[in-house]
Amino acid sequence: MELLNTDTLEEAQRKLLEESKDLKLRTEVAELSGALGRICARDVAAGENIPPFSRSTVDGYAVRAEDTYGAGEAGPAFFSVAGSVGIEEQACVRSGPQTAVRVQTGSMIPEGATAVLMSEYAEEYAPGKLAAYRPVSEGENLMQTGEDLRQGDQVLRRGRRLTPADVGILAGLGIPSVEVWSLPAVTVISTGNELAGIDEPLSGGKIRDMNSYVLAADARRMGMQVRRTLRCRDDETEIRSAAAGALADSDIILLSGGSSKGQKDYTKQVFEALSHRVFTHGIALKPGKPTILAYERESRTILAGLPGHPMAAALVFQLLIGAWYRERTGAQKMLPYPAVLTENVSSNQGRETCLLVELLPGGEETGHRYRAVPVRAKSGSLSALSRAVGYVRIPRAREGMRRGEQVWVEVLE
């Protein structure tokens, strides 16, 4: 019987990057209306100031701040009103000593003014005459030219996943489009005689195919496009035909099931026939030991054989394909959360363990902001993955971790 010669997770990640280095990800230009959630492919700098002029943040009167010092209900400061500036108008009037200019929220600040007195603290007691009943400090209630962004400031970094705020900033700068990474094409193939479609009645030992939907959803969320999802019986010819047909238009082929050493596990044979080189067959990881990786050089396609259990397949996808994609695009990974473990947990010495956990508030008694609560489940449980916020990596050399131990929770993306 052939034994798995396993890699560590780090070794598998390194091999995947090295073997697929000639798979060049493309970029494209996305209009702002379709840029949300895309990964920025190039740094973007501001070409102008935001705001482009000093503007009021309240309705009131633009004044010299020094002219209001000492003003109060009993002894107001008095001003002459020199005019007004509408929200869309150029400020053509000037605010001089003891001179106020009426402004709206968003109005341009007239020359000479250093602050804005809110209308609530002022009264025009006669035509062109204003009483100020409180002082304002310099810069109060106004935003200076370039205070938000100055010309030349970096707005976006390569690898940033664009948010609504990012789209708004680009619009405010007059940038109508942004260079983003093109979506890698993914084919998902689930294997197993026991698999039934979601609309099929169950009979005998049948179970519904979950992996196709989990992996396709994971790929889309990560920023990939799913070419197709297929379901195959445990038949080497059928599996090979499905994978071979996907090589022409897929950057990544995910094949779940059939990757261990069972009688009908054909993934290794299929990958060897298609790529002539399987570079990883087994990872010292729980869950995820029977993972297979290959690379087809002619079509430049990554072949990933993932475990058949949904939870293990989804976790390995994130640890391998997700890490590969972040490295290639510069996409940012969420920082881990420090937490305290709520109970003792064991692990397999010699294999790194990914322990799924929930995150709950820590409370004063723990001395930590968060508690990491283990999610007890076997690798076939998808409900465990839906409950978990993240996972704790237990090193290979450890036999477990103790209650009260500080851990780092890697967030499931």
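What share of the 413 residues in the protein is made up of buried ones? Buried residues account for 48% of them. Keep in mind as you look around that this is a predicted model.

Let's start with the overall picture.

Now let's go inside. In soluble globular proteins, nonpolar side chains tend to be buried together. Here, the largest nonpolar core has 47 residues, and the members that touch the most others are Met224, Leu254, Phe317, Ile321 and Leu356. Helix α6, residues 310–329, supplies the largest share of this core, with 11 residues.

Zoom in on one of those members, Leu254. Which residues is leucine 254 in contact with, leaving aside its neighbours within four places in sequence? The list runs through Val186, Thr187, Val188 and Ile189, then Leu215, then Ala304 and Leu306, and finally Phe317 and Ile321.

Strands of a sheet pair through backbone hydrogen bonds, either parallel or antiparallel. In this sheet the order is β7-β4-β6-β5-β9-β8, and the pairing is mixed. At the edges sit β7 (115–118) and β8 (122–126), each of which pairs on one side only. Ignoring direction, neighbouring strands of the sheet are turned by 40 degrees against each other on average.

Follow β8 to its partner and you reach strand β9, residues 129–132; the two pair in the antiparallel sense over three bridges. To spot this pairing by eye, look for alanine 126, which stands opposite lysine 129 in β9.

Finally, a word on cysteines. How many disulfides does a search of the whole structure find? The count is zero. Cysteine 40 counts as buried because its relative accessibility is 0%, whereas cysteine 92 is exposed, with a relative accessible area of 70%.

How values were computed: Residues numbered from 1 in each chain as written. Predicted model: local features only at pLDDT ≥ 70, side-chain atom pairs only at ≥ 80, totals over all residues. Heavy atoms only, no water. Core = buried A, V, L, I, M, F, W, Y, C linked by side-chain atoms within 4.5 Å. Buried < 20%, exposed > 50% of the residue type's maximum accessible area, 1.4 Å probe, protein only. Helix = DSSP H or I, 4+ residues; strand = E, 2+ residues; numbered from the N terminus. Contact = heavy atoms within 4.5 Å. Disulfide = S-S within 2.5 Å. Pairing = 2+ DSSP bridges. Axes fitted to C-alpha atoms, helices over the stretch in contact; angles between N-to-C directions.
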